[in-house]
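Welcome, and please load the model in your viewer. We will go from stop to stop, with something to select at each one.

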Amino acid sequence: MADKKIDNLFKQQLKNLEVSPNKRVWNSIETKLKKKKRRVFPFWLFSGSVAAILVLGLFLYPFSSDENQNSIPNIDEIITTIPTKKNPIKTTIDTLILKNNKVNELLKTQQNVLVKTKIQKEKSIIHNNKTAFIALKKPVKQLVLKHFTIDANLTLNQQKTNIFINEISPKTVLPKIDLNAFLSSEETAANNKVVQKNWSVAPTFGALQSNSFANTSPVTEDLANSTNGENSFSYGLQVGFKINKRWTIQSGIHLQEMRYSNNQIGIYPSEIATTSSIAFKDNTSVSFNNTNAESLSLRTNSFDSFIRNTGNLSQNFGYIEIPVEMKYNFSNNKKIEAQLVTGFSSLFLDKNEVILNTPNSTRIGELTNLNAINFSGNLGFDFNYFLNNNWSLTLNPMFKIHLNTYNTDANGFAPFNLGIYSGIKYQF
Amino acid sequence: MAAQSKVYQLFADKLFAVSLKYSRNYQDAEDNLQDSFLTIFDKIKQYNHKGSFEGWLKRITINTALQTYRKKAPLQIIQEVSETIEDEEFDLENANFNVDFLLECVQQLPDQYRLVFNLFVLDEYSHKEIADFLKISEGTTKSNLSRARKILKEKLEIHQKKLN
């Protein structure tokens, strides 16, 4: 008895207590919120991790949705609760299960307590003729909802309070929907179709211009200043997943070619081990020199027994490119979407061809210092022009810096390419 | 920032009272209120409009306090109440204790006793739920509660005697 009295004493005095905190609390919250906003998350880290998730998602997506529809937990009682992971209190605080009807009256006498009684009968539903699933609720259970009314007098702005109540209170007592009925209802299926227009597929074609930051040649240092980037192309399939209105993550597979050429260079057979990185298929060794360099005449004089030629060297490399990129949509236009693209690509060497053309012969070889796998850092824009809900045209200027292309220092040759990709995108 | 400010204005008083009841003192309660609001603004998008918003806010506030004191709990030396106190019924109903004094009594309870008392008496959680929150057994929550009541009763009596 004494326990009840003590409890009641504290309940009466402390339960609906309100105390205004000092203003400094808000000030310190405000400064912390501002600081948080200013903190910039390293973008590349973000895009990298999301990229990984997308790739995983691409594989898991079709399977996971199947599983969800078919597996039904085999238990007697299903309590649908708000899905929370971090706050286990959430689901239980407002519901109190009582076994005695008398408690109703007891609670009604207390202020600010609203009592609602629901008695639910046993329900049994058979789903798919295979899995018997019974949603059972014991009739003795009662649901007592405590309704916290906001006392308008206690707040500064009465109007605001009212708005708040309007927003919140109608949603507090949502009817519980039977899980099976919900899953199998056509409404849900229809809704899903409208919402899930997150994926996009676009066949793309791009024109590339390859070049290097350093004016050297990966073949041999003698060919510095004569290496030119050539135009090449890239084609492939781009897959995107729209995370939200602003962010899209994309991947895909592309075939990319890079071309360099050295025109009008001096070529002479070399019997000593070659300093160049080309291995020709006929196993001959060749040395190169720039014909425009005067030093060539000196060299031919000292090795006059060698036949000297002038020719063109062209290098063609093909890569299978798998990009992982993040796109940020910075336009608010519905018809035209403008996005900033950043990310990286993994490049798998697919074609390694060096062709040496002289007036007399054509020799084919390959570069020995190329890595089988390398990467590129990508930056660019993506413009989408929407034709209708599903189709759009894309134009995608990109700048890609290649990393780890050569397994030697390659005379400091640092390739990059500029590309303009275009394609037709289908969203679904 | 304006939206956060409004939420704060509307609920700060209620949540500060919750913080006061669950904390050791005024300073701790201010810290608790601040941490709670930072969590609230951080997770406000996770609020799913089921159940009352105020209830959600209150739960976060309580949880913040639980996290603070649950960690500290093992280090606390709990002062035992003398069991020999005479069990004479004294008139609690007619006694006029003011809110500040009652709040102080609650705050002065050992951390775990205070949490259990608040959760059970003021926020009406069951012993099972409380045991889950605090990661202790139901037996412990029950004994904590009865000890808490005992301490409170003792304090009220002493206070009463002083007044008389």
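Which residue takes a positive phi just after H6(B)? Select B:Lys135: its phi is about 55°. Before going on, a word on conventions: this is a predicted model, in which local features need pLDDT of at least 70, side-chain atom pairs count only at pLDDT 80 or more, and totals for chains, interfaces and linings use all residues. Residues are numbered from 1 along each chain as its sequence is written, chains are lettered from A and ligands numbered from 1 in the order in which they are written, and side-chain values use heavy atoms, with hydrogens and water left out.

**Stop 1: helix H6 of chain B**

Now select residues 127-134 of chain B, which make up helix H6. Helices here are DSSP runs of H or I with at least four residues, strands are E runs of at least two, and both are numbered from the N terminus. Six of the eight residues of H6 are buried, so the helix is largely enclosed by the rest of the structure. Buried means under 20% relative accessible area, exposed means over 50%, and partly exposed lies in between (1.4 Å probe, protein chains only). To see the buried set, pick B:His127, B:Glu129, B:Ile130, B:Ala131, B:Phe133 and B:Leu134.

**Stop 2: the whole of chain B**

Zoom out to chain B, which has seven helices and zero strands. Of its 164 residues, 55% are buried. Residues 24 or more positions apart account for 72% of the chain's contacts with a separation of 6 or more, a contact being heavy atoms within 4.5 Å.

Colour chain B by pLDDT, the predictor's confidence in each residue from 0 to 100. The mean is 83, and 85% of the residues reach 70 or more. Residues 82-87 of chain B fall below 50, and beyond near neighbours in sequence this stretch has six contacts in the model. Where pLDDT is low, the predicted coordinates should not be read in detail. For the model, the scores are ipTM 0.85 and pTM 0.40.

**Stop 3: rings**

Next, show the aromatic side chains. Rings of Phe, Tyr and Trp (its six-membered ring) pair if their centres lie within 6.5 Å; planes under 30 degrees apart count as stacked, over 60 as edge-to-face and the rest as tilted. This rule gives 24 aromatic pairs over all chains. One of them is A:Phe233 with A:Tyr235, stacked at 5.9 Å centre to centre with 10° between the planes. A:Phe381 and A:Phe383 are also stacked, because their centres are 6.1 Å apart and their planes at 20°. Then select A:Trp26, B:Tyr8, B:Phe37 and B:Phe41, a cluster linked by ring pairs.

**Stop 4**

Select A:Ile322 in strand E11 (residues 309-329) of chain A. A:Ile322 is partly exposed, at 30% relative accessibility. Leaving aside neighbours within four places in sequence, the contacts of A:Ile322 include A:Ser251, A:Ile253, A:Phe344 and A:Phe348.

End at A:Ile373, in strand E14 of chain A. A:Ile373 is partly exposed, with a relative accessible area of 42%.
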